[in-house]
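Keep the structure open as you read.

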Amino acid sequence: MRWWELLFRYKMRVGMLAWLFHRISGLALVGYIIVHVYGLRTLTDRDQFNALIAGYHHPLFRVLEIFLLAAVTYHALNGLRIVLIDFLGWSPQQKRLFWTLSGAAVLIIGLGAYPILRMFF
């Protein structure tokens, strides 16, 4: 049995999707922190630091900045959703809360991505 058959055989609900995306965005943020700390080691050498910063101006890193913005935004807003469900008892409203915060996340990502992508237009 293929992995996607297992994935679609299980009833995917909003809470399961929120949990899955929260874990994926968390792992992506851990990966970003590892790369960021690795990049900080160049602070002791001016030439290496300038080369690193010049590399960050590549258009690929603009796209990666948008993915970083999306991961941070989703992870933060879903964390807020979890806090609201756990501490305020909004469990019966969790599907509506997920879609509301997802809409807010899309808005924040769009507003944040515009200045990053403006250089391409």
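A patch, as the word is used here, is made of residues with over 30% relative accessible area and no salt bridge, and nonpolar side chains are joined into one patch when they lie within 5 Å. Please bear in mind that the model is a predicted one.

**The nonpolar patch**

With that in hand, look for Val35, Tyr56, Leu60, Phe61, Val63, Leu64 and Phe67, which together make a nonpolar surface patch of about 620 Å². Helix α4, residues 59-88, gives the most to this patch, with five residues. Phe61 is found in helix α4. Its relative accessible area is 30%, so Phe61 is described as partly exposed, a label for values between the buried limit of 20% and the exposed limit of 50%.

**The largest pocket**

Phe61 also leads us to the largest pocket, where it is one of the lining residues. Which residues line the largest pocket? They are Ala28, Leu29, Tyr32, Val35, His36, Tyr56, Phe61, Leu64, Glu65, Phe67, Leu68 and Ala71. The space in this pocket comes to about 370 Å³. Both α2 (14-40) and α4 supply at least two residues of the lining, and the largest share, six residues, comes from α4.

**The largest cavity**

How many cavities of 30 Å³ or more does the structure hold? There is one. The largest cavity has a volume of about 50 Å³. Around the largest cavity you will find Thr73, Tyr74, Leu77, Asn78, Arg81, Leu97, Phe98, Leu101, Ser102 and Ala105. Helices α4 and α5 (94-117) each supply at least two residues of that lining.

Among the residues that line the largest cavity are Phe98 and Ser102, and both deserve a look. Phe98 is found in helix α5. Is Phe98 buried or exposed? Its relative accessibility is 5%, so Phe98 counts as buried, the limit being under 20%. As for distances along and across the chain, Phe98 and Leu43 are 55 residues apart in sequence, and their C-alpha atoms are separated by 41 Å.

Ser102 likewise has its place in helix α5. Because its relative accessibility is 16%, Ser102 counts as buried. Ser102 and Thr73 are 29 residues apart in sequence, with 9.5 Å between their C-alpha atoms. Thr73 and Ser102 are both among the residues lining the largest cavity.

Terms used. Residues numbered from 1 in each chain as written. Predicted model: local features only at pLDDT ≥ 70, side-chain atom pairs only at ≥ 80, totals over all residues. Heavy atoms only, no water. Patch = residues over 30% accessible without salt bridge, like charges linked within 9 Å, V, L, I, M, F, W, Y side chains within 5 Å. Areas by Shrake-Rupley, 256 points an atom, 1.4 Å probe, with all protein chains shown as cover. Salt bridge = Lys/Arg side-chain N within 4 Å of Asp/Glu carboxyl O. Helix = DSSP H or I, 4+ residues; strand = E, 2+ residues; numbered from the N terminus. Buried < 20%, exposed > 50% of the residue type's maximum accessible area, 1.4 Å probe, protein only. 1 Å grid on protein atoms, 1.4 Å probe; cavity = no way out; pocket = protein on both sides within 12 Å on 5 of 7 lines; lining within 4 Å. Points joined across faces, edges and corners; volume = space filled by probe spheres on them.
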